[in-house]
Amino acid sequence: MPWLLLGYDVESGEPDAPVTRQFIEALRRAHGDCGAPGTLFLRGQTLEANVEAIRSTMADGLFDYGQHTWSHVLFKTLWQVNHEGERIVPGGSVEEIAREVDRAQTAIRELLGVESMALTTPWGCYRGLGDRPDLLAIVHMAGIRIVRSWFRNEHDWVPVPLERQPFRYVAQGFGDIMEFPGGGRHDCDWGNRLGFEPQAFECVEDYAEYVAGQLDIIAAKDWAFVYNQHDTTTMRWDPGMVVVRRLIERARALGLTVGLYRNYYDRHRVRGEGEV
């Protein structure tokens, strides 16, 4: 059964800026109009600064809540290589990451009254957390069972091949943690070139068609499409959430299940699927 899994990194670092509150309003309209579920991956600082707006989404019954660390600390150092050259983006220490994950879990529990079982690592990385069992141990201890971290290719850029599908960290000793790699090009930052992606887009409608077209491959292969957007870039490029609306429409026309990461995890846990 092919799936569309919609996730949002809610991460604005400007507590007094209205962008996150505006995003929440746009999000609720889009998902409410479509009757489709989605998952919010919350930076703890952003949740604390926008708690009433984010809490309002709970009344819709459409959303699940994961974390995005407390202050957006990278799990791994990135060595990015693309047509513009190279750069290093430092990751946090093991101790810092442990504090970040714990503090974000506490914020979601205390401010929303729910237990988070999902995490998106800031920026993502190549190979996910497969080469870092020490970090898997940290997220496992925090109660995290769903991880979105493999959002980059061997150049620490995008795109990640669509065939990189959800799997469990069995070899690392954490078979109950499922990784959801982000295949293809993501977010509504359609005006830029990312990594080695050669295509630029004239307007958001063109980009929406490009992304929605990837669902044809997903449907034919019986795969999952892990899609990610951010509060800041959504409000900059696509405040009407044209891309998400187009994805939901195309997914339903193709017979994809539009579900939560939690739904996918539970279904594949019961069926014993999703393991490498």
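Begin this tour of a predicted model by selecting aspartate 231 together with its surroundings: leaving aside residues up to four places away in sequence, aspartate 231 touches Asp9, Val10, Glu11, Ser12, Val19, Thr20, Phe23 and Thr46. Aspartate 231 belongs to helix α7, which spans residues 231-237. Aspartate 231 is buried and yet has no salt bridge, the nearest side chain of opposite charge being that of arginine 43, 8.1 Å away.

Now move to histidine 68, in the loop between β3 (63-67) and β4 (78-82). Histidine 68 counts as buried because its relative accessibility is 0%. Display the side chains of glutamate 11 and histidine 72 with it: the side chain of histidine 68 makes a polar contact of 2.8 Å with that of glutamate 11 and another, of 3.2 Å, with that of histidine 72. Among the residues that histidine 68 touches, with those up to four places away in sequence not counted, are Asp9, Phe41, Arg43 and Thr120.

Finally, select helix α5 (residues 133-141) and colour Leu135, Leu136, Ile138 and Val139, which are buried. They lie on the same side of α5, because the arc they cover around the axis is only 155 degrees. The last stop is glycine 143, which follows α5 and has a positive phi, near 95 degrees.

Terms used: Residues are numbered from 1 along each chain as its sequence is written. This is a predicted model: local features need pLDDT of at least 70, side-chain atom pairs count only at pLDDT 80 or more; totals for chains, interfaces and linings use all residues. Side-chain values use heavy atoms; hydrogens and water are left out. Helices (H or I, at least four residues) and strands (E, at least two) are DSSP runs, numbered from the N terminus. Buried means under 20% relative accessible area, exposed over 50%, partly exposed in between (1.4 Å probe, protein chains only). A polar contact is a pair of N or O atoms within 3.5 Å; within protein, one must be able to donate a hydrogen and the other to accept it, and residues adjacent in sequence count only if both atoms are side-chain atoms. Contact means heavy atoms within 4.5 Å. The arc is that of the directions from the helix axis to the C-beta atoms. Lys and Arg count as positive and Asp and Glu as negative; His and the chain ends are not counted. A salt bridge is a side-chain nitrogen of Lys or Arg within 4 Å of a carboxyl oxygen of Asp or Glu.
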